[in-house]
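Hello,

Here is the structure for you to look over. My notes follow below it.

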Amino acid sequence: MFKRLDNAALAGEVTIWLEDQPRRVPATLSAAAAVLWLDGGAGYRDHAAGGRRAPLCMMGVCHECLITVDGEPNRQGCLVPVAEGMRLERQRRSP
Amino acid sequence: MSRDFLIIGGGVVGMAVAYGLARRGRRVSVLDEHDGSLRASRGNAGLVWVQGKGLRMPRYAELSLQSSEAWPTFAEELTARTGVELEYERRGGVDLCFDAAEAEARQEEYRALYAATPALAAMRWAYLDREALREHLPGLGEAVHGGTFSPWDGQCNPLYLLRALYAACRSLGVDYRPATPVDGVEARASGFVAHTPMGDVVAPRVILAAGLGARRLAPPLGLSGEVRPVRGQILVTERLPQGGRLPSPQIRQTASGGYLIGDVLENAGFDTGVTLETLHQLGRRAVAVYPDLARARLVRSWGALRVMTPDGSPLYEASRPCPGAYNLSCHSGITLAAFHAEELAEAIDSDRLATRYGDFSGARFDVQATG
């Protein structure tokens, strides 16, 4: 599973909103990494055709990390850096 | 092992014919290339399309019509044999026109084509203006002038079609060999031998369904290698709610919700890549057709090479110098799959390809000697 390097640079934190809850996360993370860092992969996304999904490649290829960013659905969370005030919503049938 | 037929090429043409022959009780081996090989069967948009096919060859229009008629039963049987749903539907389709001149030219072509033979009189089509089209294509943009509607047109998932053909062939005992490229085929007194890096494969009769590989493999057997690559590019959107829109060559929504945007013809040699310029053009046109796609995210794009004969019509031929060798090339392998699996396979099996489909031989490309 993904883990943050022990020696990762400290670059401050930002506040994002995950399903309307304010959460503090390291400012250098992507949206997908922030969700994994906060809550792990469980419950990350429900696939339209059934089944559950979570980020796999974290480099823009697999499209498993789709997430709603500031109201726009199906963004690739691994390619979107977090920003102060960003609103994230996981795409789940019943959160 | 002994076999009746050796098919070179495991794309949708080769597998449809393999399926047709195996259903008739023939023992068939198929030699296929690698995943990375040139594969029109895995890059096309999945239309099962009749209107406009055969503008320069009414017989081809007839085959398209006939195959469209056979498709529902073909799809049903494949699904019953394999459990693979092809996402096939035939609710009609629309080929869009963007200005009055295009609309006029299109209608003139269709009027001439569908009056060309008695069989083609069965073809129903109508030109519909933008307002009338909106019933079939809700949300259609102002940039569209109109389009030709035909109830014969439809769509499928071409990858599921291919998968179903592989599965059906396997259950019928077809010997399918992936990653077995053929260096050449030789005629011998007793039949044919295909040379591969994995050794020779022999059979009394051989069918080339090698796509662009026919350029190299066909001429030594006295068959036409006159096919050239014509590149298409396809852009795919994220999955979106079903819009209830009929398919068109320019854009169609798949059963899983993504829109496939395409319909460009490019001469790019054997380059299967995409270009930013063409993708921009496809995106702009998609938004002109359906303005609600302006905010759609794009998830994928690819390029693929059509297998194009000099006149765009299929090539079906039996070798004169090497009896028992056949050559099949077409860029309409999805639409014609039902025909290939039934009538064409039967014609090859009974060695009547030349008599029944003589119009389709490569002889039509030969330059006539003058004076």
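Leu38(B) sits in the loop between strand E2 (28-31) and strand E3 (47-48) of chain B. Strands (E, at least two residues) and helices (H or I, at least four) are DSSP runs, numbered from the N terminus.

This is a predicted model: local features need pLDDT of at least 70, side-chain atom pairs count only at pLDDT 80 or more, and totals for chains, interfaces and linings use all residues. Residues are numbered from 1 along each chain as its sequence is written, chains are lettered from A and ligands numbered from 1 in the order written, and side-chain values use heavy atoms, without hydrogens and water.

Scores: ipTM is 0.70 and pTM 0.91. Chain B averages a pLDDT (the predictor's confidence in each residue, 0 to 100) of 96.

Back to Leu38(B). At 41% relative accessibility, Leu38(B) is partly exposed (buried is under 20%, exposed over 50%, partly exposed in between; 1.4 Å probe, protein chains only). Leaving out residues up to four places away in sequence, Leu38(B) touches Leu212(B), Phe270(B), Thr272(B) and Leu305(B) (contact: heavy atoms within 4.5 Å).

Now chain A. Five strands form an open sheet with mixed pairing, in the order E2-E1-E7-E5-E6 (pairing: at least two DSSP bridges between two strands). E2 (21-26) and E6 (72-76) of chain A each have a single partner strand, so one side of each lacks a neighbour in the sheet. E5 (66-69) and E6 of chain A pair antiparallel over three bridges. Val69(A) has Glu72(A) in E6(A) as its bridge partner.

Best wishes
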